[in-house]
Amino acid sequence: MNEVQIGGKKRPVRFSYLCLKEICIKTGLKLNELDKLGSEFDHMSILTYYGLKYGAKKAGLVFESTIDDIENWLDDEGLDVLTEIFEAFKIDQPQKKRVK
């Protein structure tokens with residue numbers, strides 16, 4: 001599982017089926033529109049929030065942070081952490097099999 005340094009510590013991040021479902025509901029995007037994540041300013045905190053929520057769930061940790069917490073962390077730590085979040089998002093997506 002991927003981890004990111006945010007909110008003063010390393011936290012697990014995971015983009016599972018249920019995570020993607022909640023992101024779609026919260027952003028109003030359809031599954032085939034997830035490539036538009038980041039096109040709206042609030043997508044950054046939503047993507048980060050749900051990735052951390054489901055990372056904590058997979059790791060068996062209690063997740064008590066809010067989207068406001070996430071926005072403050074992003075503001076404090078700079079946008080470099082978003083690169084790590086988007087990289088974790090890409091890694092968790094199904095990969096196309098290469099045809100031989």
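First, the ground rules. This is a predicted model, where local features need pLDDT of at least 70, side-chain atom pairs count only at pLDDT 80 or more, and totals for chains, interfaces and linings use all residues. Residues are numbered from 1 along each chain as its sequence is written, and side-chain values use heavy atoms, with hydrogens and water left out.

Now the overall picture. The chain has 4 helices and 2 strands. Here helices (H or I, at least four residues) and strands (E, at least two) are DSSP runs, numbered from the N terminus. Reading from the N terminus, the order is β-β-α-α-α-α.

What about size? The C-alpha trace spans about 45 × 30 × 25 Å along its principal axes. The radius of gyration is 13 Å, which agrees with the value near 13 Å for a compact globule of 100 residues. That radius is taken over C-alpha atoms, and the globule rule is 2.2 Å times the number of residues to the power 0.38.

Of the 100 residues, 38% are buried. Buried means under 20% relative accessible area, with a 1.4 Å probe and protein chains only. Next, contacts, meaning heavy atoms within 4.5 Å. Take those with a separation of 6 or more: 63% join residues 24 or more positions apart.

On to the helix pairs. Two packed helices are described by the angle between their axes and the distance between the axes. Axes are lines fitted to C-alpha atoms, for helices over the stretch in contact, and angles run from 0 to 180 degrees between N-to-C directions.

Pair one is α2 with α3, residues 67–77. Their axes are 9 Å apart, at an angle of about 110°. The two are therefore roughly perpendicular, a label for 65 to 115 degrees; under 35 is roughly parallel, over 145 roughly antiparallel, and the rest oblique.

Which residues of α2 and α3 meet? From α2: Met44, Ser45, Ile46, Thr48, Tyr49 and Leu52. From α3: Ile67, Ile70, Glu71, Trp73 and Leu74. That contact divides into 8 nonpolar, 2 polar and 1 charged. Nonpolar covers Ala, Val, Leu, Ile, Met, Phe, Trp, Tyr, Cys and Pro; charged covers Asp, Glu, Lys and Arg; the others, Gly among them, are polar.

Pair two is α2, residues 43–59, with α4, residues 80–92. Their axes come within 10 Å and cross at roughly 60°. This pair is therefore oblique. The crossing is left-handed. Met44, Leu47 and Thr48 of α2 contact Leu82, Ile85, Phe86 and Phe89 of α4. The tally is 6 nonpolar, 1 polar and no charged.

Conventions: A crossing is left-handed if the near helix is turned anticlockwise from the far one by less than a right angle, and right-handed if clockwise. Buried means under 20% relative accessible area, exposed over 50%, partly exposed in between (1.4 Å probe, protein chains only).
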